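Here is a short walk through the structure shown below. Keep it in view while you read.

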Protein chains: 2
Amino acid sequence: MPKRGAYMLELYDLEKLAAFRRCGTLVAAAQELRISQPALSRAMRKLEDEMGVELFTRSKNRMELNENGVLAAELAEKLLGDADSLVRRVRALDRSRRTIGVGSVAPAPLWDLAPALSSLYPGMAITTELSDTQTLLAGLQAGTYSLVVLTGPPDAPGIESVPFGGERLCFLLPANYAFGELLRASSLPAFTTDRVQRRSGATEGRVAVPITDPGMSVDYFAAYRTADRRRLAAALKFIEGYAG
Amino acid sequence: MPKRGAYMLELYDLEKLAAFRRCGTLVAAAQELRISQPALSRAMRKLEDEMGVELFTRSKNRMELNENGVLAAELAEKLLGDADSLVRRVRALDRSRRTIGVGSVAPAPLWDLAPALSSLYPGMAITTELSDTQTLLAGLQAGTYSLVVLTGPPDAPGIESVPFGGERLCFLLPANYAFGELLRASSLPAFTTDRVQRRSGATEGRVAVPITDPGMSVDYFAAYRTADRRRLAAALKFIEGYAG
DNA sequence: CACAATTACGAGGGTCGTAAAAATG
DNA sequence: CATTTTTACGACCCTCGTAATTGTG
């Protein structure tokens, strides 16, 4: 009863063939592979038997790849690369399955979002990254991110978004100053945003005055792949219930 | 000391994974693979260990591919196809290395060429095929033929050609007829070519009269890949010395 | 209770490494 | 005579199959 079924080819043997092609002699290849020369010699014969084709020109003292062998070795190298790629891709998928990558154009939205995701998805790793809209959107489509925070609803196929509150620029004024005294008060005006204030608490001795001019405030949107809607349901629920 | 080196992945294990994907249960897949269920069960665990990734959702009574597993099985199937293709391509090359495929637009040139090749290249199989110029030229470039006989020198990159004599259409006249009696002699004129006459010997009781009108004769050219010039040296020498 | 997956265990085959042989430049 | 490939031989590991176990619908 034969050990193997229909496909008797083994990747490890192809690895040996590729090594022989690189090294040129059995001795050198065996040394690179950390096996004995006889083992390599046997493996090469076995490969020829399995393929039913001569791969080498043999003299008593010398062994070289013939035309068949060169082709086989080249294809083998390619196949080994594909096998390696298979493993790496599966591992990458597994990793992406147990991490939620979050990208954002500004740090503020992440302050509450990242901790919320951590507790909503226990056992998942949360990674956050700041970047520009262009990069984030591309990364979302490529799978680098599962969730990105932008300053407007993106328009891309397979991508959805929900509003995620906003942020308004504020003046930071000494608390005892009347508003009208501003111009005389200081040559060093200070800025902040409402979200910073809510996170860090009021700045000591100052009051935050939101600027209501359009353009001085930002509205955030959380975007995700439509295919991930169910997976991210808990996160979206949090986002929708978030007071912007 | 481990049995295998850096690449521990085995094609036979991937074959099992692909079978499991097709069949859905270990029992069915094992049956298809002609191995026992325990063997298959162990192999699947081994695959997971080697990849360092879970591929299945396991209950006591049921085993299913998870997202990782589905990807792995799909890529495995692709890889197995590539491995199969590798063997087939190497075998095809080997076959082409020990056969000389000859194509021609007409049978006459093959009458002398094929036997000549047989004796010039002992141990080689000679295959001949009749087809049109278009097909032959494409086949020459694709490697289906090593040598093709055309009615003119081809103009294609990587292709060379040498003249290979010609063939002229003849009338076959009753031997005792003077040329002027032709029109009265018969309502069934007969044709042949000079090459046919030389091959078969003179037709009994007739004389062959070559027709010298342009268009009534053909000049043959033997075309081959420039890369094969050395391999075909003996054949080309015969062709050049061939009295057209 | 039939079915599916796992664990236990002994048998067999394949590959390995060491050692010796043969052949070449 | 050093280098390279091949053959011989014994050992070990790995996988296999059979049989028994556990858990499920």
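Leaving aside neighbours within four places in sequence, which residues is A:A76 in contact with? They are A:L14, A:L17, A:A18 and B:L86. Here two residues are in contact if their C-beta atoms, placed from the backbone, lie within 7 Å.

First, some ground rules. This is a predicted model, in which local features need pLDDT of at least 70 and side-chain atom pairs count only at pLDDT 80 or more, while totals for chains, interfaces and linings use all residues. Residues are numbered from 1 along each chain as its sequence is written, and chains are lettered from A and ligands numbered from 1 in the order in which they are written.

Start with chain A. Chain A holds 9 helices and 9 strands. These are DSSP runs numbered from the N terminus: helices are H or I with at least four residues, strands are E with at least two. Chain A has 244 residues, and 27% of them count as buried. A residue is buried if 20 or more other C-beta atoms lie within 10 Å of its own, exposed if 12 or fewer, and partly exposed in between, with C-beta atoms placed from the backbone. Take the contacts in chain A with a separation of 6 or more: residues 24 or more positions apart account for 66% of them.

Now bring in chain B. A rotation of 180°, with 0.1 Å of shift along its axis, superposes chain B on chain A with an RMSD of 0.2 Å. The two copies are therefore related as by a two-fold rotation axis. The same surface serves both copies, since 100% of the contact residues of chain B recur in chain A. The superposition is by least squares on the C-alpha atoms of residues with pLDDT of at least 70 in both copies.

How many residues does each chain bring to the contact? Chain B brings 31 residues and chain A brings 31 residues. On the side of chain B that touches chain A, α1 (11-23) and α4 (67-97) of chain B each give two or more residues. α4(B) gives the most, with 18 residues. By class, this side of chain B has 18 nonpolar, 3 polar and 10 charged residues. Ala, Val, Leu, Ile, Met, Phe, Trp, Tyr, Cys and Pro count as nonpolar, Asp, Glu, Lys and Arg as charged, and the others, Gly among them, as polar.

The largest nonpolar core has 51 residues. Such a core is a set of buried Ala, Val, Leu, Ile, Met, Phe, Trp, Tyr and Cys residues joined through C-beta atoms within 7 Å. A:L17, A:A76, B:L17 and B:A76 have the most contacts inside it. Helices α1, α2, α3 and α4 of both chain A and chain B give two or more residues to this core. In soluble globular proteins, nonpolar side chains tend to be buried together.

A:V70 is also found in helix α4 of chain A. Is A:V70 buried, exposed or partly exposed? A:V70 counts as partly exposed because it has 15 C-beta neighbours inside 10 Å. A:V70 and A:A18 are 52 residues apart along the chain, with their C-alpha atoms separated by 9.2 Å.

Turn to the DNA. Around DNA strand D there are 21 residues, and the closest are A:L26, A:P38, B:S36, B:A39 and B:K60. A residue is near a strand if its C-beta atom, placed from the backbone, lies within 6 Å of it. α3(B) gives the most to this surface, with 5 residues. DNA strand C is surrounded by 22 residues, and the closest are A:A39, A:K60, B:L26, B:P38 and B:S41. There α3(A) gives the most, with 5 residues. By class, the surface near DNA strand C has 9 nonpolar, 7 polar and 6 charged residues.

One loop deserves a look. A:R34 lies between α2 and α3 of chain A. A:R34 has a positive phi of about 65° although it is not a glycine. Most residues other than glycine have a negative phi. A:R34 is exposed, because 9 other C-beta atoms lie within 10 Å.

Finish at helix α6 (residues 133-142) of chain A, where A:L136, A:L137 and A:L140 are buried. These buried residues fall within an arc of 95° seen down the axis of α6(A), so they line one face of the helix. The arc is that of the directions from the helix axis to the C-beta atoms. On the other side of α6(A), A:Q134 and A:A142 are exposed.
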